[in-house]
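The structure is shown first, and the notes follow by topic.

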Amino acid sequence: MRAERSTIVFNIIGYIVITIFTVLCALPFWLIISGSLSAENDIIRDGFKLIPQNFSIDAYKSVFQNPEQIFTAYRVTILLTLGGTALGLFLTSMAGYVLSRKDFKYRDSLAFFIYFTTLFSGGLIPWYILIVNYLDWKDNFLALLIPGLMSAWNIILMKNFMKSIPESITESAKIDGAGEFTIYLKLILPLATPGLATIGLFLGLSYWNDWFAANMFITTESKYPLQFLLYKILASAAVLKTDIAGNLGPDFKPPAETLKMAVAIIVTGPIVFLYPFVQRYFVKGLTIGAVKG
Amino acid sequence: MSGFFKELGKNKVLFFMILPTLLFFVTFSYIPMVGVYYAFTNYSFDGGLFGSPFVGMQNFKFLFESGVLLQLTKNTVLYNLAFIFLGNILQLVCAVFLSEMVGKWFRKTTQSVMFLPFFISFVLVGAFVYNLFNFETGAVNALLRQLGLQPYDFYMNTTPWIYIIIFFNIWKGLGYGTVIYLAAIMGISDEYHEAAKIDGANIFKRIRYITIPMLKPTFILLILLALGGILKGQFDLFWQVVGNNGMLYETTDIIDTYVYRSLAINFDIGMGTAAGLYQSFFGFALVITVNWIVRKVQKDYALF
C-alpha cells in the first residue's frame, strides 16, 4: 500500500521535531566530552567549543596520574550504592509484601501511615537537626546510607507489584506449613523480580547520583562520594591533587577547565555505560507501574 | 485493643517484617514534625528545641510583611506551572510522533537519547551550565566571540536564568514523560484507527480526533496530580544551576532554596523552619483539594 501524502508530511514533521529534541538532549553531553578532550590553552583562550581545536588527553592523564582521590570517592559511592540498594530493596519489598496481604488486618491504616509522610512533612530543617543533633551522624556514613533507604512511593509501587502475584500461592504454601518469612523469601521474591528490578534501579540511581546528603552531613574530604567531589571541583572549592604541575616548568598551568570536564565524564561514565542495559528494564517496569500509581 | 493484640499474635511475623519500615518513618518523618515548633521560636543552638525563646507568629509575620514569602511563592508556583504545562505538552508531542514513526532504529535511538538525562545527576547539570554559560570560557560566549560579538555576562542578568532553568527541567524529564504517554498511546485499540482509515480520515484527523481525545484523561490526570505539588520546589535543579547567587534571587529563589540558605548559610533556623512549615501546610491543603477534584472527575484515579 502506498503511503498517503498526509502520512508522509506528518512523518517528516515528526522526524524533524524528534531530531531537534534529540540533538538538544545530547548537546550538553557532547560539549562536556569535547571540553574534556581539548587542550587547556585553547579553552583558556577561546572557551569551550563543539569540536576540540587541538585534541588532547592531558586532562585525563593528570586525573589518573594521582587517582587516589577519585578512587576513594568511587569506593565510597560504590559501597553506598550496593549497600543502600540491597538493604533498601529488602526492607521495601518486605513492607510491600505485608501491605499487599489481604488477610493482614491493619494494612490500610499502616499504608496510610506511610503515605501520609508524602502529604505533610516537618521540612528540611527539623530533619537536619534530628540527624545532626539527636542521631549525631555528622560526618558519618550512616547519614548518607540510612535516610535514603526507603520512600513512601517505592513502598506503594512495590505493594502494587506484589498485588499482581496470585494470593493462592501464599495460601497453598501456608497449608503446606511454610512460615511467613519463608514464603516471602522463597516464593514471593522470585516472582516479584520486575518490581525488584524497577525499584532497585530507582534506589541505585538515587544513591549513585546523591550529592545532597553529602553536602549536608559530610565534612571530611576522604568521605566524599563521587557526585559531591565533582560538585566541589566544579565550584573550585576542591582542587584535584595532581603532581603534574610540580614536574613541569614554572609557567605551566595545570589543566583546570578541561580537568573539570574530565572529572564530570569519569564520574558519570558508569551510568552512561550501563544505561543501554538497564533502560529496557526500566521502561518495562515504569509501564507496569504507571497503569495505576 | 484486645483485637489488636489478637491480630499481633496471629500475624507476628508479618508485623516484624514491616516493623523496620514503621520505625524508619517514625524516625525520619514523624519525629521531625515535632520540630516545626522551631518556626515559632527564635532558635538558638544553646537553647535547642525547648530552650529557645518562643516568639509566636513573629517569624511568619516577618516573612509575610517583608514580601519575602510572596516573592518565593510567586517564583515557586510560576516555575512549577511552566514545568508542568510545557513539560507535559512536549512529552505528549514526542510520544505522538514516536508512536507513528515507521523507522524502528531511529525511534529506538532517539528515545534512548531523550531518556538519558533522567539518569544523570544534577551535579552534571551543574557541569553543563558551567560549560555553557560561565563568562570566561563558556561555550555560548565562545560562540559570541567567534562571531565577533560582545560576550554576555549571564551571572549579571536575571532574565536568562528563567529560561535556562525551565530548559533543564524539561530536558531532564522529557524521556520519562514520553515513556508514560507512549504507554497510554499503546493502550489505545488499533480498531479505532483502522475504522477511521476506512472512513478516509488522514493521519492528522486521526491524531486530532482519536489519539488526542483518548490521551486527554491521562493528560488531565497527570497535570492535576502535579498541580498538587506546585509549592514543592526542585532544590537540586535550582541549586546546581544557579547556586547561591544573590544577584539572581529575584527570579530564581524558591521556597526550598530559601529554607536551605536559612539552614546552611544564614543560620536562621526559626525563619527557615517557618518558610518550610508554610510550604508544607499549604502544600497539604493543595493536595487535599486536588484529590477532591480528581475524585469528582474520575474516582478510580484519586490518590486516597
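How many residues of chain B are in contact with chain A, and with how many residues of chain A? In this predicted model, 99 residues of chain B touch 98 residues of chain A. The two chains bury about 8800 Å² between them, and the structure also holds three cavities of 30 Å³ or more.

**Interface of chain B and chain A**

- Of the roughly 8800 Å² buried between chain B and chain A, 77% is on carbon and sulfur atoms.
- On the chain B side, M17(B), F28(B) and F119(B) lose the most area to chain A, and together they make up 8% of what that side buries.
- Helix 2 of chain B, residues 12-34, gives the largest share of the side that touches chain A, with 18 residues.
- By class, the side of chain B that touches chain A has 71 nonpolar, 22 polar and six charged residues.
- Polar contacts do cross the interface: 20 residue pairs are found, with both residues at pLDDT 80 or more.

**Largest cavity**

- The largest cavity contains about 50 Å³ of space.
- Its lining is made up of F238(B), W239(B), V242(B), G243(B), N245(B), Y249(B), T252(B), D253(B), T257(B) and R261(B).
- Three helices of chain B each supply at least two residues of this lining: helix 12 (235-241), helix 13 (249-252) and helix 14 (255-264).
- Four residues of the lining are nonpolar, four are polar and two are charged.

**Second largest cavity**

- About 40 Å³ of space lies in the second largest cavity.
- The residues lining the second largest cavity are T77(A), L80(A), L144(A), Y207(A), D210(A) and P225(A).
- Four nonpolar residues, one polar residue and one charged residue make up this lining.

**Salt bridges**

- Over all chains, a search of the whole structure finds ten salt bridges.
- One pairing is between E167(A) and K102(A), which form a salt bridge with their closest N and O atoms 3.5 Å apart.
- E167(A) lies in helix 9 (residues 167-175) of chain A, whereas K102(A) lies in the loop between helix 4 (68-100) and helix 5 (107-119) of chain A, so the pair ties together parts that are 65 residues apart in sequence.

How values were computed: Residues numbered from 1 in each chain as written. Chains lettered and ligands numbered in written order. Predicted model: local features only at pLDDT ≥ 70, side-chain atom pairs only at ≥ 80, totals over all residues. Heavy atoms only, no water. 1 Å grid on protein atoms, 1.4 Å probe; cavity = no way out; pocket = protein on both sides within 12 Å on 5 of 7 lines; lining within 4 Å. Points joined across faces, edges and corners; volume = space filled by probe spheres on them. Helix = DSSP H or I, 4+ residues; strand = E, 2+ residues; numbered from the N terminus. Nonpolar A, V, L, I, M, F, W, Y, C, P; charged D, E, K, R; others polar. Contact = heavy atoms within 4.5 Å. Buried area = accessible area lost by both parts, 1.4 Å probe. Polar contact = N/O pair within 3.5 Å; in protein donor to acceptor, adjacent residues only side chain to side chain. Salt bridge = Lys/Arg side-chain N within 4 Å of Asp/Glu carboxyl O.
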